[in-house]
Amino acid sequence: MEEKSEIKLHSSWKSKLQSEFEKDSMKKLKAFLQSEYKAGKKIYPRGDEYFAAMNLTPLEKVKVVIMGQDPYHGPGQAHGLSFSVQDGVRFPPSLQNIFKELHSDLGLPIPKSGSLKKWAEHGVLLLNAVLTVEDGKAASHQKRGWEEFTDRVIHIINEERENVVFILWGSYAQKKGAFIDRKKHYVIESVHPSPLSSHRGFFGSKPFSKANAYLKSKGIDPVDWSL
């Protein structure tokens with residue numbers, strides 16, 4: 001979507017999502033992004049990382065989906081995976097709390113890096129609802145067309161896969177995942193890991209062990225959550 005760039009999307013997703021790119025909403029989104037670039041605005045993540053979540057986690061490999069809302073809007077943070085930051089970047093507060101719960105739940109050490117790329121490579125789709133943001137302006141690209149596109153991604157998983165774990169933190173993610181078929185999939189819900197809400201039920205919610213217990217019960221290899 002970045003000017004003069006091709007859409008690089010893993011074949012497992014591209015075959016299912018090709019028609020989305022022909023829709024008016026996506027054409028308008030592309031025009032909006034191109035105008036923002038031409039105006040000299042800084043957009044995160046880089047154009048070749050818009051679809052990093054899907055490129056690292058092909059459709060047939062998805063075991064767990066962790067829904068986020070927007071990319072981080074600070075320099076060097078966002079790289080196309082929900083809640084994740086690039087190596088060497090200070091952990092945002094929500095990610096700090098995710099790591100605290102990971103330690104409490106599974107006894108794993110607090111990671112040195114905030115990159116969740118290893119989770120993505122092990123079947124965890126780290127999908128934001130909105131895939132771009134302007135530097136320093138949280139939620140600046142909401143309601144521009146990304147939401148419909150990422151809804152379609154969730155619909156595809158819901159319809160075409162079975163026994164996927166959906167981890168929905170906070171009311172935004174829970175609304176976005178409201179249509180998931182709970183007879184086919186396992187939905188884990190709690191408040192958001194943000195410091196504003198984490199003490200109201202995020203800590204102690206044990207999403208990582210619950211996800212693995214469900215996967216094992218279905219004969220699926222559990223996720224290696226170590227980083």
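1. Which residues on the other side of H2 are exposed? They are Asp 24, Lys 28 and Lys 38, where exposed stands for over 50% relative accessible area, buried for under 20% and partly exposed for what lies in between, with a 1.4 Å probe and protein chains only. Helices (H or I, at least four residues) and strands (E, at least two) are DSSP runs numbered from the N terminus.

2. Before reading on, please note that this is a predicted model, in which local features need pLDDT of at least 70 and side-chain atom pairs count only at pLDDT 80 or more, while totals for chains, interfaces and linings use all residues. Residues are numbered from 1 along each chain as its sequence is written, and side-chain values use heavy atoms, with hydrogens and water left out.

3. The buried residues of H2 are Met 26, Leu 29, Phe 32, Leu 33, Glu 36 and Tyr 37. Seen down the axis of H2, these residues fall within an arc of 135°, so they line one face of the helix; the arc is that of the directions from the helix axis to the C-beta atoms. Among the elements that cover them are E1, E4 and H6, with contact taken as heavy atoms within 4.5 Å.

4. Just after H2, Gly 40 takes a positive phi of about 85°.

5. H6 also has 15 residues, and it reaches 21 Å from its first C-alpha to its last, close to the 21 Å expected. Its buried residues include Trp 146, Phe 149, Val 153 and Ile 157.

6. Some backbone geometry deserves a careful look. Most residues other than glycine have a negative phi, and most peptide bonds are trans. Lys 143, in the loop between strand E4 (133-134) and helix H6 (146-160), has a positive phi near 60° and is exposed, at 75% relative accessible area. Lys 206, in the loop between strand E6 (186-190) and helix H8 (207-217), has a positive phi of about 55° and is partly exposed, at 37%. A cis peptide bond, with omega about -10°, joins Tyr 44 and Pro 45, and Pro 45 is placed in the loop between strand E1 (43-44) and helix H3 (52-56).

Terms used. The expected span of a helix is 1.5 Å times one less than its number of residues.
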